[in-house]
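Hello,

Here is the structure I promised to pass on to you. Have a look at it first, and then read my notes below.

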Amino acid sequence: MTKVSPELENQMEIEMVMSVSADVSFASNRFPKYRIGADNQILDDAKEGPKGPSLKEVVGQETAQLVEQQKRLSVRDLASKFDNNLAAAAKQSDEAKLREVASLEGHVLLKKLRDALESLRGRLAGRNKEDVEKAISMVEALAVKLTQKEGELIHEKFEVKKLANFLKQASEDAKKLVNQERSFACAEIESARAVVQRCGEALEEEERISQTSGKQELEELLEEVQEARRIKLSHQPSKVIDMEHELQALRIQIREKSIISVKLQRELAMSRRAEENKFHLYELGGSENLGSSLRVQPCSDEAQELSKCSIQWYRIPTEGSRREIISGANKSIYAPEPFDVGRFLEVDVISNGQKVLVTTAGSIGPAAGLASYVETLFRKPNIEFNVVISQMNGKNYSSHSVHLFHVGKMRMKLCRGWITKARESYSSSMQLCGFRGGGNSAAKSLFWLARKGHSFVLVFESERERNAAILLARRYALDCNVMLVGPDDQAFM
């Protein structure tokens with residue numbers, strides 16, 4: 001048996017290694033150190049010094065920074081950031097390619113080393129053969145681990161390509177957005193320039209107009225000041241005050257003269273009518289104002305008793321116009337109602353086939369304080385009057401108990417306690433006027449036709465309450481588009 005010395009064995013190994021690695025470029029000038037663990041697993045020796053971050057950690061950090069800065073980066077900064085990340089991804093891709101090349105070189109190196117050890121194993125025997133077999137198993141384990149590393153490298157390469165494509169697409173979108181924003185900004189700048197130009201032209205035009213108008217206003221103001229000075233010089237304050245006092249005194253005198261003239265005209269008309277009625281048989285007695293009663297009285301011994309005469313009252317809107325009959329007023333006493341204010345009253349007295357006309361000296365005047373009293377009642381939510389029923393349905397009413405007459409905005413009601421005599425809404429069939437049947441209480445009485453076949457004659461506590469009730473009821477009825485008048489008065493409204 002041939003014995004191989006240790007020096008020859010070492011020389012052969014060195015020559016074999018040199019022949020194998022002649023056409024291979026190593027990443028380092030020394031072979032990596034490994035150790036065999038349990039179950040022939042190859043374990044890397046712990047490297048001294050700090051380890052650099054992996055590709056996944058770098059990508060994760062960059063993504064976190066992008067998410068944090070997304071809200072505060074402008075579009076242009078975001079595009080620049082995408083470009084930088086794209087460059088970093090390209091760089092990582094290049095590094096991955098270099099690693100792939102190194103991995104390929106490692107596979108070639110391991111294959112050649114294994115072939116060399118296989119050829120060496122056939123030449124050696126004994127303990128050296130066992131060492132070669134251990135080296136072969138170590139090389140196979142390195143090949144397995146290199147394959148695993150290559151798989152991880154392929155996965156990282158895929159992730160890098162995916163990230164690069166994403167960053168490239170995002171960079172293109174950012175560039176498009178930048179171009180779009182740039183076009184919008186250019187359009188807004190052009191419109192702003194146009195607006196500024198128009199504003200400048202408008203300001204120049206306004207300044208030019210203000211200069212011309214300011215000169216005109218200044219000239220007009222100077223003229224007004226000169227005119228005011230002239231007026232002030234021509235009219236002294238004391239003279240103006242004296243003239244105002246004189247005008248006030250003249251106004252007072254004219255007002256007094258007009259009042260005296262009206263009184264004289266009224267007295268003249270009364271004296272004229274007295275002359276005309278000197279030879280008449282009857283005359284009118286009482287005040288010719290709302291709230292009083294007019295009575296036909298004989299003024300001659302030749303006058304026949306009124307009970308044997310036929311009487312009919314009329315109203316005349318203006319003196320000399322056509323007279324209007326007052327339906328139901330055929331007694332010697334008649335109490336004017338609010339509808340008669342401002343009108344003349346005339347009465348026909350027929351005795352022994354002879355008709356005598358008696359007319360009021362003037363128009364019927366309003367009652368003093370009635371208007372303010374009506375306005376006071378109008379502001380109240382509920383308006384009620386104490387009344388006594390004199391007649392009901394044309395017949396005298398035996399009871400003289402006090403009832404409440406309610407005048408509302410939509411209807412009128414007559415009741416006593418819980419007992420309601422009548423309650424009707426305003427309608428065209430309802431009638432309301434002063435009582436025309438004569439009597440001493442005619443000025444306090446009114447006639448109310450609640451509905452057809454249901455009428456009342458109500459006596460109030462005073463003439464003012466009676467007239468106020470008529471005015472308020474007609475006012476509320478007019479708001480309901482109803483004219484509330486007496487019998488046969490609708491034709492005069």
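**What I found**

D488 is found in the segment that follows helix α7 (463-479); helices here are DSSP runs of H or I with at least four residues, strands are runs of E with at least two, and both are numbered from the N terminus. Please keep in mind that this is a predicted model, where local features need pLDDT of at least 70, side-chain atom pairs count only at pLDDT 80 or more, and totals for chains, interfaces and linings use all residues. Residues are numbered from 1 along each chain as its sequence is written, and side-chain values use heavy atoms, with hydrogens and water left out.

Back to D488: its phi is near 60 degrees, a positive value in a residue other than glycine. Most residues other than glycine have a negative phi. D488 counts as exposed, at 55% relative accessibility. For that term, exposed is over 50% relative accessible area, buried is under 20%, and partly exposed lies in between (1.4 Å probe, protein chains only).

N393 also has a positive phi, near 60 degrees, and is not a glycine. You will find N393 in the loop between β10 (384-392) and β11 (395-396). With 39% relative accessibility, N393 is partly exposed.

Next comes a sheet. Four strands form an open sheet in the order β6-β5-β8-β9, with antiparallel pairing; two strands pair if DSSP finds at least two bridges between them. The edges are β6 (324-325) and β9 (354-359), each with a single partner strand, so one side of each has no neighbour in the sheet. Strand β5 (residues 310-316) is joined to β6 by two bridges, and the two run antiparallel. R315 stands opposite E324 in β6.

T360 sits in the loop between β9 and α6 (370-378). T360 is buried, with a relative accessible area of 0%. Its side chain reaches the backbone oxygen of G362 at 2.9 Å.

Finally, the surface: L218, L221, L222 and V225 make a nonpolar patch of about 350 Å². Nonpolar side chains (Val, Leu, Ile, Met, Phe, Trp, Tyr) are joined within 5 Å, and like charges within 9 Å. Areas come from the Shrake-Rupley method with a 1.4 Å probe, and for residues only the protein chains shown count as cover. V225 belongs to helix α4 (residues 127-234) and is partly exposed, with a relative accessible area of 34%.

Best wishes

Key: Polar contact = N/O pair within 3.5 Å; in protein donor to acceptor, adjacent residues only side chain to side chain. Patch = residues over 30% accessible without salt bridge, like charges linked within 9 Å, V, L, I, M, F, W, Y side chains within 5 Å. Salt bridge = Lys/Arg side-chain N within 4 Å of Asp/Glu carboxyl O.
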